[in-house]
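Please walk through the model below with the chains in view.

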Amino acid sequence: MLKIINLSINGTSIDLAVDSRESLTDTLRRLQFTSVKKGCETGECGACTVLVDGKAVNSCLYPTVLLEGKRILTLEGITKPNGDLSAIQQAFIDEAAIQCGFCTPGLIMTAVEIIGEGKRYSREELRERISGNLCRCTGYHNVLNAIEKVLDEMYVQADNSNFEKTSNF
Amino acid sequence: MSDAIRALIKDPEALVLAGGTSLLVNVKGGNYGGRNLVSVIDIPELKGISTDNDGNIIIGSCTTLNEVCSNSEIQKRLPALARAAKLVGGPQTRNLATIGGNICTGYMSADTSIALLALNAHVELLGPNGTRIIALESFFTKPTRVDLMPGELLVNIKIRNESYVGYGGHYEKHSARKALDFALLNCAAQVKLDNDRNKITALGLAFGVVAPKPLRCHQAEQMAVGMSADKQTIELVLQEAIQEAKPCKDCWRASQGYRFYLMKKVGSIALEQAIANAKEVTHA
């Protein structure tokens with residue numbers, strides 16, 4: 001059954017006709033947001049992770065029809081309009097946190113949620129925070145380095161008393 | 001809520017969809033073909049955490065697991081429940097999964113089910129014939145089955161004042177992976193000590209994956225009352241608990257013997273930590 005819903009994807013409001021059985025992963029991929037990957041399609045690997053109203057979710061388990069009025073953020077939405085990479089993407093490159101790259105969009109979206117929380121995390125806590133994203137290549141070491149690097153840089157730059165939850169990175 | 005109940009009555013084959021992290025995985029696996037889903041996740045009366053005037057804690061069934069484990073009241077008063085909620089799946093799972101959904105799977109391994117059993121939790125159900133409040137223990141009827149009549153919704157979970165105030169609690173989960181895994185065996189313990197912090201005055205003890213349903217160890221609990229809070233007592237309590245357990249004989253995940261072994265190990269950790277926490281608790 002087709003339903004029409006309105007939602008915002010990477011800042012653009014869009015009216016969509018979706019089958020009530022379609023997952024957000026499938027919707028996003030057919031709209032050419034192919035950074036969203038299908039790893040397991042059962043919420044066990046995190047490759048399909050996107051942000052819905054700022055919260056990281058496995059889009060494979062989210063029926064799109066339930067997303068009326070929500071704001072979705074994918075990897076395509078954090079690359080700057082002129083093509084420049086965001087700080088977290090650059091950090092992943094600089095810290096060699098990418099090998100095959102399949103888990104990378106999901107990991108970066110999880111990192112975006114973490115950074116947006118405005119809290120400091122120990123390395124152990126960060127391990128727990130990324131435990132919903134599986135990576136078969138890197139062993140997570142450089143991934144943690146990249147996220148720590150961005151968190152550290154932000155704390156050096158930001159005035160702590162003014163620090164808000166933000167999606168600028 | 002009334003719309004949801006009406007939809008469920010109108011279509012007896014329909015299933016309740018909360019976070020979808022369990023149900024939709026089953027659907028994708030080919031189960032429940034052709035059945036309609038009634039989404040209840042956005043019903044406001046099913047969300048939120050509050051404490052009433054008598055100090056009873058009420059958690060809406062559609063409160064996400066992340067909302068439960070990050071809630072400061074839950075962290076302060078029900079730390080074992082916060083820990084259990086935090087150990088379900090992974091961070092993304094917990095942004096969608098709900099505490100009501102976790103219980104309603106009826107799984108013998110469900111983390112919040114075990115923690116809530118030790119807290120003697122009660123569930124409030126609403127259906128076409130009105131409201132029912134029953135003990136969580138009776139809510140689990142058969143393996144993967146809960147006591148929901150046609151058209152009934154799980155509204156909230158209530159933890160009574162007398163079940164948690166002055167108690168120290170701990171939830172321990174043993175699983176093959178540190179995240180994204182069901183429990184191989186889990187245990188929740190809630191301990192209350194006398195004023196000298198020497199003797200146990202009350203115990204809530206629950207195990208998962210040692211019986212077809214989540215197990216509350218009543219005999220072990222009663223036996224512990226009046227005993228001193230030490231390793232010897234823990235051993236005796238666990239021996240008693242093992243008598244009450246019925247782990248499946250040929251389970252592919254772990255042999256029966258291994259489960260009895262784990263009951264002792266995991267149960268010890270849970271009880272030791274609960275006792276340590278109970279010693280720190282100020283009697284309110």
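A:E41 is partly exposed, because its relative accessible area is 35%; buried means under 20% relative accessible area, exposed over 50% and partly exposed in between, with a 1.4 Å probe and protein chains only. Its salt-bridge partner is A:K38, with the closest N and O atoms 3.7 Å apart. A salt bridge here is a side-chain nitrogen of Lys or Arg within 4 Å of a carboxyl oxygen of Asp or Glu. A:K38 has 34% relative accessibility and so counts as partly exposed. This is a predicted model, in which local features need pLDDT of at least 70 and side-chain atom pairs count only at pLDDT 80 or more, while totals for chains, interfaces and linings use all residues. Residues are numbered from 1 along each chain as its sequence is written, chains are lettered from A and ligands numbered from 1 in the order in which they are written, and side-chain values use heavy atoms, with hydrogens and water left out.

Over all chains, a search of the whole structure finds 23 salt bridges. Among them is the one between A:R21 and A:D19, whose closest N and O atoms are 3.0 Å apart. A:R21 is exposed, its relative accessible area being 70%, whereas A:D19 is partly exposed at 21%. In chain B, B:D3 and B:R6 form a salt bridge in which the closest N and O atoms are 3.3 Å apart. Both residues lie in helix α1 (residues 2-10) of chain B, 3 residues apart, which is about one turn of the helix. Helices (H or I, at least four residues) and strands (E, at least two) are DSSP runs, numbered from the N terminus. B:D3 counts as exposed at 55% relative accessibility, and B:R6 is exposed with a relative accessible area of 53%. Back in chain A, salt bridges that share partners join A:D26, A:K38 and A:E41 into one network.

How many residues of chain A are in contact with chain B? There are 24 residues of chain A in contact with 19 residues of chain B, where contact means heavy atoms within 4.5 Å. The size of an interface is often given as the accessible area lost when the parts come together. Chain A and chain B bury about 1600 Å² between them, and 57% of this is on carbon and sulfur atoms; buried area is the accessible area (1.4 Å probe) that two parts lose on being put together, summed over both. On the side of chain A, the residues that lose the most area to chain B are A:L61, A:L66 and A:E128, together 31% of what that side buries.

A:E128 also takes part in a salt bridge, where its side chain meets that of B:R94 at 2.9 Å, N to O. The interface of chain A and chain B holds 2 salt bridges by the rule. The rule also finds 8 residue pairs in polar contact across this interface, both residues at pLDDT 80 or more. A polar contact is a pair of N or O atoms within 3.5 Å; within protein, one must be able to donate a hydrogen and the other to accept it, and residues adjacent in sequence count only if both atoms are side-chain atoms. The elements of chain A that give two or more residues to the side touching chain B are β4 (55-58), α3 (104-116) and α4. Of that side, β4(A) gives the most, with 4 residues.

A:T138 lies in the loop between α4 (123-129) and α5 (141-157) of chain A. Is A:T138 buried or exposed? A:T138 is buried, with a relative accessible area of 16%. A polar atom of its side chain lies 3.0 Å from the backbone nitrogen of A:Y140. Leaving aside neighbours within four places in sequence, A:T138 is in contact with A:A97, A:Q99 and A:V143.

The last topic is the aromatic rings. The whole structure has 3 aromatic pairs over all chains. Rings of Phe, Tyr and Trp (its six-membered ring) pair if their centres lie within 6.5 Å; planes under 30 degrees apart count as stacked, over 60 as edge-to-face and the rest as tilted. B:F139 and B:F140 form a tilted pair, 6.4 Å centre to centre with 50° between the planes, and both residues are buried. The rings of B:Y258 and B:Y261 are stacked, because their centres are 6.1 Å apart and their planes are at 15°. B:Y258 and B:Y261 both lie in helix α13 (residues 256-280) of chain B, 3 residues apart.
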